[in-house]
Every structure is written in structure tokens, then in C-alpha cells.
Amino acid sequence: MRLTDHTFREIVRGLESRELSSRDLVGAALEAIHSHTDTLNTFIRIADPEQLIGMARAVDDARARGDVLGPLAGIPVAVKDNIATRGLGTTCASRMLESFDPPYDATAVTRLGAAGGIVIGKTNMDEFAMGSSNEHSFYGPARNPWDVGRVPGGSSGGSAAAVAAGEAVLALGSDTGGSVRQPAGFCGVVGVKPTYGRISRYGLIAFASSFDQIGPLARDVEGAAVLLEVIAGADHADATSLRMAVPECVTAVTRGVAGLRLGVPERFLGPDVDSDVRERVELAVTRLERAGATVRSLALPSLSHAVAAYYLIADAEASANLARYDGVGFGYRAAAADLDGVFERSRGEGFGLEVKRRIMLGTYALSAGYRDRYYASAQEARRCITSELLGAFDEVDGIVGPVSPTVAFGLGERVSDPLAMYLSDIFTVPANLTGAAAISVPCGTTSGGLPVGIQVIVDRFNEPTMFAVAGEIERASGGPLVPPTRGAA
Amino acid sequence: MAVSIDEARRAARLARLALDDGELEMLAADLSAVLGHFESVAELTSAGAEGRCVTTPELFASGSDRRSDSVPGPRHDVVVRQDAVGVMLTAEEALRNAPESEDGQFSVPGFLPDEP
């Protein structure tokens, strides 16, 4: 069997009726991973296959006995390699953490396990989640299952590509400026950036703490909703996790959009958006109208500052968060005769170029003489954007538009032009700046056969509306996408 | 906004990053390009804005309360956990990932001058 042959619901029903076994699922995942290793490079580390089969068998036996099982019982899940998994290593795709084995599991991983999910391995990513193409990985780039000459997006590129290629049923990623949604869009899968605080960040290696959120990836909207419900909720180990009940997301998927008010920001369908992408998104919006939603245009002028505000603040936070990598407590240590040499050379040799670039930008923006000009201005911009975007939710229930201005671009195309790479995050950073929830859903393919993602942004705490709109888009566009089978690959 | 090599060197020193001359030159150029593009944001504070941060309670405040500083309403307070004894990392576990350790402690090159 191939995991891409089934929707999430079919897999769950197949397990319940015992037409499918967890051993089938884990076996199919391992086989797909094995056959794609050289082409897709999606995983940094796979769990021991014998142990995985053993776990699957235990779930199958428990089901045969009639035990009460969790909602993810026996389902293989891939986990981004910046989310702590004890015993499986957690590298952040960096030389700095090449041999790091975390002393505990992230809360999301613990909850995944408690629901019966089987962590199949750790996925490739941009180093420390800094990147939009997965090309900034110490382990080499992951590739897009739709076209191996193209990037899978980033930074959760390995997680998105793994789900698209049937190497896992579900995956965890992290989204600081679009790092779940953009790769989901590029790989034709569903990716969620929940409300800030919805999922505990305990065990998520910090990049920019006021933006970072763990988010689910799945082939379809229902799979993402189930995974979100499993891992969300208050956690005493994360003071920023929301102390409120997790709303029902799964039931919202089939609710429809009749009576919902949707807005499309003017610049989201402006001249910077490729015509192929614009056409697919416009068609999806038309279908939402046909299904009973009303659609209006939104001005949102402050979004012109979104990329600048995001990169200045995120990199400032990163420069502070990454100060902990000093070659002393854990991580890479360079040989040096004195302590300053240990600090400077461990960081100089342990971090890749993009991480150094971000640390430099953040340090510069916070340094004496420049702090007000850059960091304080960016905070001001964040406040304006937050006020304007959340104010829009008085008028509309959701905001729709493309995930990215283009489809997946070619490997090497933007890697030497950081500004071009940063600017492609224009549509995803607003949700992170404001704490709002957002989802990326496939809405068809271009004439060139590449998937296009549409984004739905909703007010904080309003994930059910987001899932309702996403479910409608998925049904109207013909259901989950499957990448073409690639010959000997 | 052009960032000179000397300014880049100063930032690298602040960030404790050993960079070679080629990296410094490239990163100075990258920072110049990126910050040049971000100048429009810098103009926000020069135009008299206060540059105040979004605070954590603001990030968590719900509904229309969030949108105006003057409207009072329910706020999501930052919660501090109970100060209770719990199971923490043992010294052994904490040292397990250390590049070098000695006698149950992290080990680094000496940084105090020898006693006279």
C-alpha cells in the first residue's frame, strides 16, 4: 500500500475495522522513505525500524483485544528536527547540534505519543528554522516530491515533503514566519500555524520566541485538525501557552461557509503574485462565494511593513536565543586556547552562513546607535499591523489569499539572494506578527503541474472558522493532491 | 543604509562570532541590502512614533479589547507556575551533552590569571 492512496479518515476507519493495520502503515512509510532517500532527503534520522514495527504490532494487538486506543493509535508521524525527542537526537539541521540528544521530549511529542502516534523519524529543515527553501541544512537540501529540481519550501521542508511523498501520515513542523504554511503550499499538503500559545513551545528549540509555534501538517484538512486537537492545550512548562479550552476543530471541517464573511487584502492579489498562483486562488475564492460566503476587498496598508518588521524582530530575538550556543553546556565546541576563543570559534564553525547572517542582522539591529532606528521601529510597525489586521476581524470572519507569490522555485535560484528569499514570506509573516491562526490548503495545480496553496487567516482563538473555510476549499477543489509517481525514484 | 566592514566586525564581536574576512565582507553587503530595503520601517520612529513593544498580555488579550489601549476588558494574565518541588535534570543528565566535563562539572579553558 501507499499512504498517499488514502485520506486521513479512510486510514482511521481502516484501522478501526482492521482492514488496515498499523504494521501496514509503518511498513509503507519505511518503504517510501527507503525508496526516496537519495532523491528527497526528507529525514535526518529514522527511528530503529525493528522498534517501529514492534510498536505498530503492539497497537495492532491492543486493537485486536478491544482496548480503548487514542486518536492517533498506530499512525506514523514525522517530527521536525527542532522539536525535542529524547533518544532520537535533535539537530536543528545544524553542525552545532549534530550530536545533541535532548534530555526530555517536547510536550507536543509527549501528547502525540499519549494519543498512540508513532514517531517515525526526524525531518530535514533549514538550520535553526531559518530559511524558506530547506537549502540551509547541514545535511543538504530536502527536495520537492512534485519536481526534485525544486525546493520543498522551508523551513519545515522535510516534514511537508515527507507527508506529500507518503513517508508519514502526519507531521509536526514549526512556523515562525511561515515555515509550516509555505512548504505545505509548495508540496501540496495542508499546514497549520495555530494561534500563538495554542500549542506548548516546551521542547521546541527557540528561534524567535514571540513568533514560534509548532504546527501540524497532513495530506488533508481533517488530519491536520485531529493532530492539532491532540497536541494543543495549556502546559505548565510553557508560560505563554494559552490557559483556555481547545475548541472543536475536527467537527468544524465539514461545517461549510454559508454566511461567513471573507476578506481578500488588496496586495495579496497584486502584481507581485504569479499569474498562475493568482488564477488558482481567485478560482478558489469564487467557489467559496458559490458555497455561501461573502467576499470583500481589504486595504490593510500597514502590511507593507510586515516583512521588515518580522525580520528585524525575529532576528533580534534569534540573536539573543542563540547566545546559548557557546560550546560549553552542549553542542559543537571548537578547539581554542582561551575561553573567548571557545565561544567565538565554536559559533563561527558550528553555525552555517544563514544563521550567522540572521545573528548579525539581529545583533546590529539591537546595538547601540541602531536600536531605536531598527528594533524599536519594527516593534512600532508590529503594533500597527496587529491593530489593523485584528481590527479587520470586526468586519470579516477570515482573510484569504495566496500562501506565497510563486509556486515552488528551483534549487539554487534564491539561495545567494537573501533579500529575495525574505520578501517571498510577505503573505505568511502577518499571522506570526499578530498571533493570529492561519492554514495553508492546496487549491489545485498550475498548468506546469505544481501545487498552489491558498491561505486562510482568522482571528486569534478562532481555529474552528479556519478549519471550516479550509474544509470547503478542499472539497470544492477535489480533495487532497497526490504528486505524480516519479519513475525509478 | 551601507554597513561598513568595521561595523560588521563590531556586530560580530558583540555576537561572539568568529568570521573570516570573506564572510565579513559578504555579510556587510547582505546587511546593507536588507537594511536598505527596511528603511521605510525605520522612518516610523523618526516620524515620532513611540516604538513601544507589543507586550505578552496584549498578545493574549482577546476580542476587541486587543484593538484599543483605552478600552478595558478581560486580559489573559501571564501565569506563573506553583513554586513546588519537582523532578529536575540530574547533574549527570545535564552533563551528558557537554563537549567536555570533569568531576561533575562543565569544563572550559582557564580564564582567571594564575595566582601570583
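Trainee: How many residues of chain A are in contact with chain B, and with how many residues there?
Mentor: In this predicted model, 59 residues of chain A are in contact with 51 residues of chain B. Contact means that the C-beta atoms of two residues, placed from the backbone, lie within 7 Å.

Trainee: Which helix gives the most to that side of chain A?
Mentor: Helix α12(A) does, with 15 residues. Among the others that each supply at least two residues are α9 (306-321) and α10 (339-350) of chain A. Helices (H or I, at least four residues) and strands (E, at least two) are DSSP runs, numbered from the N terminus.

Trainee: What is that side made of, by class?
Mentor: The side of chain A that touches chain B has 27 nonpolar, 16 polar and 16 charged residues. Ala, Val, Leu, Ile, Met, Phe, Trp, Tyr, Cys and Pro count as nonpolar, Asp, Glu, Lys and Arg as charged, and the others, Gly among them, as polar.

Trainee: Before I go on, what about numbering and confidence?
Mentor: Residues are numbered from 1 along each chain as its sequence is written, and chains are lettered from A and ligands numbered from 1 in the order in which they are written. The model is predicted, with local features needing pLDDT of at least 70 and side-chain atom pairs counting only at pLDDT 80 or more, while totals for chains, interfaces and linings use all residues.

Trainee: New topic. How many helices and strands does chain A have?
Mentor: Chain A has 15 helices and 11 strands. Buried residues make up 64% of its 489 residues. A residue is buried if 20 or more other C-beta atoms lie within 10 Å of its own, exposed if 12 or fewer, and partly exposed in between, with C-beta atoms placed from the backbone.

Trainee: Why is α4 of chain A called largely enclosed?
Mentor: Six of the eight residues of α4(A), residues 107-114, are buried, so the helix is largely enclosed by the rest of the structure. The buried ones include A:T107 and A:R111.

Trainee: What do they pack against?
Mentor: They pack against β2 (76-80), β3 (118-123), β4 (170-175), β6 (213-218) and α7 (221-231) of chain A. Just after α4(A), A:G116 takes a positive phi of about 95°.

Trainee: And β7 and β8 of chain A: parallel or antiparallel?
Mentor: Parallel, over five bridges, with β7 at residues 261-265 and β8 at residues 294-298. Strands pair if DSSP finds at least two bridges between them. The bridge partner of A:R261 in β8(A) is A:T294.
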